Amino acid sequence: MSNDSQTENAQQFEPRIVAFFCNWCTYTAADLAGTSRLKYAPNVRVIRIMCSGRLDPQFVVKAFRDGADGVLIGGCHPGDCHYQEGNYKAYRRYALFQSMLKHMGIEEERFRLEWISASEGDKVQKVINEMTEQIRALGPLKLTSVPSYRAQEVQLDLAGVGVEGELL
Amino acid sequence: MSAFDIQENGDFRIGVFVCDCGINIAGKVNVSAVAEFAGTLPNVVVTREYKFMCSDPGQELIQNDVKEFRLNRVVVASCSPLMHEATFRRATAEAGLNQYFFQMVNIREHVSWVTENEYLATEKAKALVAAAVRRVKVHRALESKSVPVNPDVLVVGGGIAGIHAALTIANAGKKVYLVEREPTIGGHMAKFDKTFPTLDCAACILTPKMSSVKAHKNITLWTYSEIDKVDGFAGNFTVRVKRKPRYIKEEDCVGCNLCVEACIFKEGKFEDEFNVGLSKRKPIYMPFPQATPSVVLIDPETCLHFKTGKCKQKCVEVCERGAIDFNQQEEFKEINVGAIILATGFKTFDPHRISEYGYGVYPNVYTSLEIERLVNASGPTQGEVLMRDGRKPKSVAIIHCVGSRDRKTNAYCSRVCCMYSLKLAHLIKERTGAEIYNYYIDMRTPGKGYEEFYDKLLQEGVHFIRGRVAEVTNWAMVPSEEDKLIIRAEDTLIGVARRVPVDMVILSVGLEAHDDAGEVQRLFNISCSKEGWFLERHPKLAPVSTFTDGIFIAGACQGPKDIPDTVAQAGAAAAEALAMVDIGHVELEPNTANVETVMCSGCKTCISMCPFSAITFDAENWRAEFNEALCKGCGTCVVTCPTGAAQQHLYTDDEMYEEIEGVLHYV
């Protein structure tokens with residue numbers, strides 16, 4: 001740890017990405033990336049779930065709301081799910097939720113689903129590096145990108161449903 | 001964090017234990033800084049840094065601190081939970097806490113090993129520790145579920161691995177089902193003449209084991225059968241086996257072969273699978289003389305009765321036992337087993353893929369497996385080395401690493417080819433006196449007696465040329481090359497491009513995973529490496545276990561290996577399976593879903609989500625009912641529940657939210 005690297009890092013925007021990896025494929029792949037000593041961007045915080053089918057869209061909302069710049073979901077390849085079809089459910093929820101996020105002004109690069117099998121440590125590296133770069137280019141997540149003429153109206157709507165001031 | 005948990009647990013007293021893992025973690029992560037940071041987190045009363053937390057003194061440290069500081073929660077930041085979660089849970093339990101009042105943080109595989117920058121690695125570790133500290137507070141006391149185990153074992157694949165595993169388990173007094181897809185057990189080993197380096201006759205050591213399988217009272221042998229469906233979990237699998245029709249009543253056939261002789265086809269006319277196409281068989285045939293079970297079969301693709309319906313059915317006439325049954329149908333058997341061993345083996349590399357070696361173009365280019373049959377005393381030429389034109393070769397080239405150590409095909413070393421090439425060189429030299437040229441990249445002969453065998457071949461006057469062969473061609477440039485196959489290669493030891501004319505070329509093909517390994521992987525819910533080999537749980541510490549409890553792997557389906565290694569692994573897999581079924585019960589992770597009845601609105605959404613039919617509807621009380629025995633703990637029902645009534649143990653919404661907040665708000 002050196003002061004140099006600290007200042008160096010402070011100059012650049014470092015995205016915060018929360019990743020939800022399924023226990024059987026992607027979490028194991030991330031372990032494999034580790035044992036293979038593949039280096040990747042340190043911006044990802046991995047949270048283990050048993051199956052990508054456990055990924056509640058509310059977790060994504062929660063992560064964005066709490067300051068994540070991106071959310072990554074990792075699951076088994078189609079047909080390989082340890083629980084038969086959890087990854088298909090994850091995919092459906094992902095597709096639906098992605099389109100909602102887009103309408104909320106959250107770029108699609110910020111929410112990503114990848115199938116990564118237990119043997120694809122290199123894919124963990126590739127996906128995380130790619131996503132980190134993409135989000136770095138996008139900049140920090142701004143949740144208040146509402147056109148000004150609509151801003152007031154939206155604020156009112158949101159007040160009505162009990163969300164405090166921010167658009168989500 | 002819900003109010004409920006605070007009330008239940010009162011004052012939190014958390015201990016955080018950060019592991020150096022030698023320098024594996026400490027080399028990149030500033031472990032003391034992480035421990036110091038953890039000490040500043042709410043409710044953390046003690047933090048420790050230790051060289052090897054998983055060691056006995058490390059575990060003792062945790063246990064002493066639990067007592068001394070009256071800890072009620074434990075967080076260990078070390079390696080992957082897939083590696084040591086069980087170890088630390090046990091340590092937590094032995095200290096007198098519920099083992100699930102523990103949370104593990106992966107700062108080795110997910111931090112120190114994958115991060116370049118030391119400062120950022122340390123920060124990442126802190127974030128993960130903070131998340132665990134928050135999460136562990138909402139953990140609940142759980143009991144792991146213990147369920148009875150079915151003592152029977154299923155072995156899939158009847159090669160030497162499956163045979164050895166089945167016999168070991170059967171000898172221990174357990175019932176074994178051995179399922180083989182081909183009409184006979186024996187696998188690849190049954191095709192070999194000799195085995196390296198001892199030159200043991202393969203049949204002499206294999207066939208007695210094959211007969212003991214057949215005769216063993218504890219083994220149910222189903223050949224010409226495939227696994228159709230697998231349900232259940234460790235200790236209680238339900239497996240459906242498809243028995244393909246062989247059009248012979250297995251229990252009535254005595255293997256007298258009279259039907260084969262009587263067949264309307266006087267000579268064999270169809271490619272003989274066992275002799276890899278080097279000889280012809282009839283539509284009704286015995287795969288090879290020592291086939292086990294010793295039962296013939298009919299190939300409906302070539303049998304006149306099936307093709308035209310006009311055959312005189314001589315086979316039926318001669319069979320005194322009436323064993324032939326043209327109306328036999330596919331049959332399904334359902335069995336219950338506690339453990340499964342997969343020993344499905346390998347296939348050899350198809351050299352058509354390397355067109356410059358001329359396989360399939362020049363008749364005298366053979367694969368090593370074809371040569372195994374040619375030198376085999378029970379093979380198509382009774383062991384005489386004759387080429388397709390009937391001549392004895394005077395010179396033979398053996399090309400190593402065909403489909404191995406080659407980025408265009410397979411990057412890995414197939415491990416057995418150097419040794420079997422030496423064996424074939426010895427056998428051909430012994431039987432024909434031919435000049436033999438081995439083209440190798442590196443000679444790889446690690447193993448008991450292997451290097452000595454290589455040395456013996458050098459003494460015997462076999463030629464070894466170091467260089468990858470560029471091309472096999474019949475394009476003669478000088479008269480001595482006429483009617484020969486010319487090997488073009490650079491001899492890298494003398495730095496000269498050479499042309500060597502030979503009569504016969506043997507391609508030492510590598511080992512590959514079966515084409516349908518992916519289907520088998522899905523059927524049994526295990527993982528494959530990129531090359532298609534079944535993935536072991538840990539390459540060193542759990543080499544025959546898979547990520548799916550109760551399913552073990554043995555032999556070349558896990559990766560290329562020779563017979564001694566295969567047998568050793570089969571023994572290991574048998575021991576693991578026995579250890580599981582013999583104890584009589586299995587502990588299951590309590591990560592099942594449950595429902596908070598008062599909150600369930602009876603919307604039934606979760607019922608349609610469950611792939612295991614673990615949720616039913618209780619119409620009287622208008623709510624969902626969860627069957628924990630059927631639940632496998634994926635948690636997808638929790639996501640769909642609109643009221644939050646459905647929750648998954650170990651992955652409750654509270655726990656997930658705490659973890660999300662933790663990784664993002666750690667400072």
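The model is predicted, so local features need pLDDT of at least 70 and side-chain atom pairs count only at pLDDT 80 or more, while totals for chains, interfaces and linings use all residues. Residues are numbered from 1 along each chain as its sequence is written, chains are lettered from A in the order in which they are written, and side-chain values use heavy atoms, with hydrogens and water left out.

**Interface of chain B and chain A**

- Contact, meaning heavy atoms within 4.5 Å, involves 55 residues from chain B and 55 residues from chain A.
- The two chains bury about 5,100 Å² between them, 58% of it on carbon and sulfur atoms, where buried area is the accessible area (1.4 Å probe) that two parts lose on being put together, summed over both.
- There are 5 salt bridges across the interface, each defined as a side-chain nitrogen of Lys or Arg within 4 Å of a carboxyl oxygen of Asp or Glu; Lys530(B) forms a salt bridge with Asp122(A), with the closest N and O atoms 2.7 Å apart.
- On the side of chain B that touches chain A, the elements giving two or more residues include α4 (81-94), α6 (118-137) and α19 (653-664) of chain B, helices being DSSP runs of H or I with at least four residues and strands runs of E with at least two.
- The largest share of that side, 8 residues, comes from α19(B).

**Largest cavity**

- A search of the whole structure finds 10 cavities of 30 Å³ or more, a cavity being a set of points on a 1 Å grid over the protein atoms alone where a 1.4 Å probe fits but cannot get out.
- The largest cavity holds about 310 Å³ of space, the volume being that filled by probe spheres set on the points, which are joined across faces, edges and corners.
- Its lining consists of 24 residues, of which Arg48(A), Pro81(B), Gln103(B), Met104(B) and Glu659(B) lie nearest the centre; lining residues have an atom within 4 Å of a point.
- At least two lining residues each come from β2 (44-49) of chain A and from α4, β4 (102-106), α6 and α19 of chain B, with β4(B) giving the most, 5 residues.

**Backbone features of chain B**

- A cis peptide bond with omega of about -10° joins Phe196(B) and Pro197(B), and Pro197(B) lies in the loop between β8 (194-195) and β9 (200-201) of chain B.
- Another cis peptide bond, with omega of about 0°, joins Thr292(B) and Pro293(B).
- Gln382(B), although not a glycine, has a positive phi of about 55°.

Definitions and conventions:
1 Å grid on protein atoms, 1.4 Å probe; cavity = no way out; pocket = protein on both sides within 12 Å on 5 of 7 lines; lining within 4 Å.
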